Amino acid sequence: NNILNTFKFTISDANLITQEQAYQKVFSLPEVQDYLKTIKNSHLDFDHEESGDSWVFHLYEIVEDHTATRNWYYVNKYSGKITDLLGNPVKD
């Protein structure tokens, strides 16, 4: 174990999941596809980058003069794992 501690391991930016790849992962989720197909004026948009390690996407519907949020999706740039607003894993 002491030998391993002398090495610095880094994750190359080339291995990170891009914003577009993350969007495609979320977009292809069955629950997102169902929502977008059945709810009028529904949208999936990139919202922001969270803490430098996740892309955040907003699934919502436009209702008159406001938005009605269905869910928030966080895609970890390093692992590609998707979680919801509460940190629950989302099966892809």
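Residues are numbered from 1 along each chain as its sequence is written, and side-chain values use heavy atoms, with hydrogens and water left out. Because the model is predicted, local features need pLDDT of at least 70 and side-chain atom pairs count only at pLDDT 80 or more, whereas totals for chains, interfaces and linings use all residues.

Secondary structure follows DSSP runs, numbered from the N terminus (helices, H or I, at least four residues; strands, E, at least two). Four strands form an open sheet in the order β1-β2-β3-β4, with antiparallel pairing; two strands are taken to pair if DSSP finds at least two bridges between them. The edge positions are held by β1 (42–50) and β4 (82–84), each of which has a single partner strand, so one side of each is left without a neighbour in the sheet. On average, neighbouring strands of this sheet are turned by 30° against each other, direction ignored. Between β3 (residues 66–76) and β4, the antiparallel pairing extends over 3 bridges. Y74 is placed opposite T83 in β4.

Helix α2 (residues 19–27) lies across β1, β2 (54–63), β3 and β4, and runs at about 50° to β2. Axes are lines fitted to C-alpha atoms, for helices over the stretch in contact, and angles run from 0 to 180 degrees between N-to-C directions. Within α2, A22 counts as buried because its relative accessibility is 0% (buried, under 20% relative accessible area; exposed, over 50%; partly exposed in between; 1.4 Å probe, protein chains only). Residues up to four places away in sequence aside, A22 touches I17, W55, F57 and V75, where contact means heavy atoms within 4.5 Å.

Beyond four places in sequence, the contacts of F57 include A22, Y23, V26, L44, F46, W72, Y73 and V75.

K77, in the loop between β3 and β4, is buried, with a relative accessible area of 6%. Its contacts beyond four places in sequence include N15, L16, I17, E49, D53 and W55.
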